[in-house]
Amino acid sequence: ICYEGLIQKHIAPVLGRIELTKMTPSDIQGLEAELIAHGMAPQGVQLAHNVISGAFKYALRMERAWRNPAKSVTPPRIVRKEVSPPDIGGVKRILALAEKEGHPLFPCLHLIAYTGIRRGEALGLRHRDLNLEVGTISIVQTLGRSLLKGLIVEPTKTNAGRRSIDLDDGTVDILRAHIGRQMLQKMELGGPYEDKGLVFCGPLGSPFNPMMVTRTFQSFAKREGIEGTKV
């Protein structure tokens, strides 16, 4: 999703003017040093490096280049931060606080916690993907964010990603209550509401930014004294 924006915003303005056969490791190293100097995280620089290297691999196959100068460049080392997921008790406290305050993302957080689906899968869930009579949901698409296109909905990347998930009775009840409130809100708003068929959406029907889910969960976790959490 972010490759196109990375190329147009960071790579092409610097390396786009250099012919493939004349590009040197120093050119690539200079770009990566510049990205670091402008505050890009090591993960972003590593991604830029992989994109450049991948482009040269394709150029080699097409016989448009005779070497891959990116191979001689070592991108910055990525230091993985240790993320300790909260225990079951911690998750329940977070969800209880979100429910008590009536946060609009509580049903979404509950579904993620009780099924293990990804945040993009939850936000891409449509009403037609639900079968609350049987107690199942179907995962067929995911919602993500592109640097250039904004929020976009895409099919799951693999066939394995398309799956049906069973719901417990408590989750079914929470989803039923959520859908009831959503329908009432839609009726009250009338025209301004833009129905995209999403189970979890903003007050006017627009998709949620996936980062809102993460930030909401982390905010409630922090208030419960649980640090280093991620959803």
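The model is predicted, so local features are taken at pLDDT of at least 70 and side-chain atom pairs at 80 or more, while totals for chains, interfaces and linings use all residues. Residues are numbered from 1 along each chain as its sequence is written, and side-chain values use heavy atoms, without hydrogens or water.

Begin with the largest nonpolar core, which has 34 residues. Such a core is a set of buried Ala, Val, Leu, Ile, Met, Phe, Trp, Tyr and Cys residues joined through side-chain atoms within 4.5 Å; buried means under 20% relative accessible area, exposed over 50%, and partly exposed in between, with a 1.4 Å probe and protein chains only. Cys-108, Leu-111, Ile-117, Ile-137 and Phe-200 have the most contacts inside this core. Two or more of its residues come from each of α4 (88-100), α5 (106-115), α6 (119-123), β2 (136-139), α7 (169-189) and α8 (210-223). These helices (H or I, at least four residues) and strands (E, at least two) are DSSP runs, numbered from the N terminus. A second, separate core has 17 residues, including Leu-6, Met-23, Ile-28 and Ile-52.

Helix α5 is largely enclosed by the rest of the structure, because 7 of its 10 residues are buried. The buried ones are Phe-106, Pro-107, Cys-108, Leu-109, His-110, Leu-111 and Ile-112. They pack against α4, α6, β2, α7 and α8, where contact means heavy atoms within 4.5 Å. Just after α5, Gly-116 takes a positive phi of about 80°.

Next comes α6, which holds Glu-121. Glu-121 is buried, with a relative accessible area of 5%. A polar atom of the Glu-121 side chain lies 3.0 Å from the backbone nitrogen of Arg-118. Not counting residues up to four places away in sequence, Glu-121 touches Ile-139, Gln-141, Thr-142 and Arg-163. Arg-163 is also among the contacts of Ile-137, together with Leu-111 and Ile-117.

The last stop is the pair α2 (residues 25-37) and α3 (residues 42-61), whose axes come within 10 Å and cross at roughly 155°. Axes here are lines fitted to C-alpha atoms, for helices over the stretch in contact, with angles from 0 to 180 degrees between N-to-C directions. That crossing makes α2 roughly antiparallel to α3, a label for angles over 145 degrees.

How values were computed:
Polar contact = N/O pair within 3.5 Å; in protein donor to acceptor, adjacent residues only side chain to side chain. Parallel < 35°, antiparallel > 145°, perpendicular 65-115°, else oblique.
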